[in-house]
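Dear colleague,

Please find below the sequence and the structure for your review. My notes on the strands and helices follow.

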Amino acid sequence: MLSLLLCTLNELALPTLILVCVCFIYVKFASVNRLIRSGPKQNILFVTAHPDDECMFFAPTILSTLKEGHSVYLVCLSKGDYDNQGDVRKKELIASCSRLGVMPNHVTIVDDERFKDGPENEWDIDGLVDRIVSVIKRINADSVITFDSSGVSGHANHIALSKAVVKIHMSKELNTVSFFMLHSSNIVRKYMSFLDIPVSSIFNLTTFVSLPSEIVKSWRAMSAHQSQMVWFRKLYIVFSRYMYVNTLTELT
Ligand SMILES: [Zn+2]
């Protein structure tokens, strides 16, 4: 029985690898990413909740947009003070962004009592709207990218950002800005690693895939978050699809 299973897996390995490669090439070079392939260079703002979100969730999009020549900015709404290591984590965030290619002066770290790091902390949505809108206006952002309503990991701080960005979009005050949300996949796809690339290419138009060199770059950036590198995060960066592929949905 076991030998039959191993034999079957062995026979499936090559077709699976070919399928992944074909989908990778399709997504990387042929799919239409409205976000980055439509006209002039943009100022793109990533809105995150904690130092390390930029690597753990958004690295494929950050690296792809930088490669296309867009200016990438990041606003992180907390310094990640859950374990009282906020000051260390601020420095780690700057180092991580530098390794990704985001300039330190393009990074804004908010240190505000209303937005304390922690899943039990309810962030003030109107306060978030004010802070995010002020950054959008200051950098003259063309596109804004954040979490969707499930927050990828379900973290309450991620979900609060999603609510705030939806509120900004609904207000129509910034009607020249495009808003995108990072799609939260189910638990099976989340840990399919690069094998999720074919699935992502089928179901999404706005998809970003990291090349092998970019995957290494995002691992190096993640290693800047020394205070966070516990064993399960080391597993995460190998198995999480978000280190290899991002799929975004535009708010319309
Ligand atoms: Zn987070």
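In this predicted model, an open sheet is built from 7 strands, arranged in the order β3-β2-β1-β4-β5-β7-β6 with mixed pairing. Its edges are formed by β3 (107-109) and β6 (206-209), each of which pairs on one side only. On average, neighbouring strands of the sheet are turned by 25 degrees against each other, direction ignored.

I would draw your attention to β4 and its two neighbours. Strand β4 (residues 143-147) runs parallel to β1 (residues 43-48), and 3 bridges join the two. Among the residue pairs concerned, Ile44 has Ser143 of β4 as its bridge partner, and Phe46 is partnered with Ile145, also in β4. Towards β5, the strand β4 is joined by 5 bridges, and this pairing is likewise parallel. As regards burial, β4 is mostly covered, with 5 of its 5 residues buried.

Helix α7 (residues 156-171) lies across β1, β4 and β5 (178-182), and its direction makes an angle of about 145 degrees with β4. Helix α4 (residues 86-100) lies across β2 (71-76) and β3, running at about 165 degrees to β3.

With kind regards

Key:
Residues are numbered from 1 along each chain as its sequence is written. This is a predicted model: local features need pLDDT of at least 70, side-chain atom pairs count only at pLDDT 80 or more; totals for chains, interfaces and linings use all residues. Two strands pair if DSSP finds at least two bridges between them. Helices (H or I, at least four residues) and strands (E, at least two) are DSSP runs, numbered from the N terminus. Axes are lines fitted to C-alpha atoms, for helices over the stretch in contact, and angles run from 0 to 180 degrees between N-to-C directions. Two residues are in contact if their C-beta atoms, placed from the backbone, lie within 7 Å. A residue is buried if 20 or more other C-beta atoms lie within 10 Å of its own, exposed if 12 or fewer, and partly exposed in between; C-beta atoms are placed from the backbone.
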